Amino acid sequence: MARRGENIRKRKDGRWEARFISGYKEDGKAKYISIYRKSYAEAKDAKNKMVAEKLTHDACKEKRPLIQTTFGALLTDWLHFIRRDVKESTYSRYTAIIEKHIRPELGEILLSDLNNEDIDCFTVKKLEEGNLKKSGGLSPKTVGGFLSIIRLALDYGIERGYDCSGHIVIHHPRQNMPKIQILTCEEQQKLEQILLEENSTISFGILLSLYLGLRIGEICALRWEDFDMKNGLVHISRSIQRIPNMNFETDSEIKNKTKIVIDHPKTNCSIRNIPIPAALFPVVKEYQKKEEFYVLTGNNSYLEPKGYYRKYKRIIKKCGLDHFNYHALRHTFATRCVENNFDIKSLSEILGHANVSTTLQRYVHPSVNLKRQHMDRLGTIAVYGQNSGPTDSETQDSGEERADCHKV
């Protein structure tokens with residue numbers, strides 16, 4: 001039997017589990033490694049062997065001289081290390097952030113001298129006066145992204161034997177959830193009426209985003225070859241975005257400061273097949289062109305997101321809704337799906353999310369009317385609710401409202 005303090009136990013599945021401490025997190029909590037074997041003796045022997053190997057490794061690591069350099073040199077090394085593993089757009093964004101924000105403030109500090117106070121001062125400065133285009137600071141979300149890059153570089157430095165402290169605690173600024181933009185049913189109907197009147201490839205693209213939940217980069221990259229009319233599907237596999245044009249040998253901007261990149265969407269989960277709503281089939285067939293043509297232009301030239309967004313704002317301004325950004329169409333799509341009792345797992349896959357929690361936290365925003373309907377259902381279990389119900393006029397009003405909301 002296991003002795004007290006050995007941290008070896010028999011699991012319900014019959015296996016023996018041995019645990020030992022492999023290190024400590026930033027907050028001081030222990031990190032454990034678990035080993036599973038068929039018997040107590042095997043688990044104990046495996047644990048003792050692994051602990052001995054770790055002690056030997058740690059001893060060798062302590063004898064190895066640490067690399068003395070600046071934080072800027074570490075950032076350069078880290079960028080070269082991740083270059084082969086990230087998308088070009090991600091690498092360009094990281095490089096731009098480092099060169100414009102992080103390196104000027106922290107690059108000359110020796111790694112051995114870098115401390116919590118340096119990071120905190122950097123955070124405060126960016127929040128108060130970090131905007132390089134105009135006066136003022138940057139949002140907590142933006143600064144939080146800078147701090148995440150700093151953390152990744154420091155973790156890489158620790159792994160590679162740089163002389164940097166593993167006890168630097170990075171405090172992310174508190175972020176307030178931004179107000180989510182969602183079109184009401186009435187506003188959506190107003191917009192759709194304008195789209196029908198416009199009768200253009202641009203209005204068609206807006207309609208597709210409203211009923212398929214597409215991101216602006218995805219709709220800009222969509223070609224007619226992506227439509228499978230036989231099976232009623234749209235295949236999303238590309239996205240367009242403009243990124244900083246970097247010289248990857250020197251990690252610096254070149255003459256043409258930006259360039260267009262057509263690449264895979266945001267994540268692997270964003271590569272997906274979306275069923276076309278039956279009500280959209282006639283509209284899709286009306287606009288259908290040659291397979292190699294882009295949907296938004298009707299020819300073999302693409303329209304980049306910035307130009308498309310300007311055209312979107314012109315159209316949406318006609319119905320007095322110009323305060324809605326393009327992503328509001330995606331939020332609206334998700335909300336309408338929830339109001340129509342969509343299975344959340346299906347909705348998550350249609351939106352291209354890696355997990356359902358992202359869908360629930362970011363995009364599912366039930367309306368007040370839907371919440372009221374859910375609350376009213378409590379009446380079915382209440383004695384009072386069973387003896388009373390909505391009046392005929394209330395039932396009629398509710399039915400009319402749902403019917404209006406679900407019109408295409």
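1. **Ground rules.** This is a predicted model, in which local features need pLDDT of at least 70, side-chain atom pairs count only at pLDDT 80 or more, and totals for chains, interfaces and linings use all residues. Residues are numbered from 1 along each chain as its sequence is written, and side-chain values use heavy atoms, with hydrogens and water left out.

2. **The sheet.** Have a look at the open sheet of three strands, ordered β1-β2-β3 with antiparallel pairing. At its edges are β1 (8-10) and β3 (30-37), each of which pairs on one side only. From one strand to the next, the twist averages 30°; axes here are lines fitted to C-alpha atoms, for helices over the stretch in contact, and angles run from 0 to 180 degrees between N-to-C directions. Strands are DSSP runs of E, at least two residues, and helices are runs of H or I, at least four, both numbered from the N terminus.

3. **β1 against β2.** Three bridges join β1 to strand β2 (residues 16-24) in the antiparallel sense; two strands pair if DSSP finds at least two bridges between them. Ile8 has Ala18 in β2 as its bridge partner.

4. Ten aromatic pairs are counted, where rings of Phe, Tyr and Trp (its six-membered ring) pair if their centres lie within 6.5 Å, and planes under 30 degrees apart count as stacked, over 60 as edge-to-face and the rest as tilted. Trp16 and Tyr40 are edge-to-face, because their ring centres are 5.5 Å apart and their planes are at 65°. This pair links distant parts of the chain, with Trp16 in strand β2 and Tyr40 in helix α1 (residues 40-63), 24 residues apart. Trp16 is buried at 12% relative accessible area, and Tyr40 is buried at 17%. Buried means under 20%, exposed over 50% and partly exposed in between (1.4 Å probe, protein chains only).

5. **Within one helix.** The rings of Tyr309 and Tyr312 have centres 5.8 Å apart and planes at 35°, so this pair is tilted. The two residues are three apart in helix α10 (residues 305-317), so about one helical turn separates them. Tyr309 is partly exposed at 29% relative accessibility, whereas Tyr312 is buried at 0%.

6. **A cluster and two charges.** One aromatic cluster is made up of Phe204, Trp224, Phe227 and Tyr287. The charged end of Arg15 sits over the ring of Tyr36, 4.7 Å from its centre, and Arg223 lies over the face of Tyr294 at 5.4 Å from the ring centre. The criterion is NZ of Lys or CZ of Arg within 6 Å of the ring centre and within 35 degrees of the ring normal.
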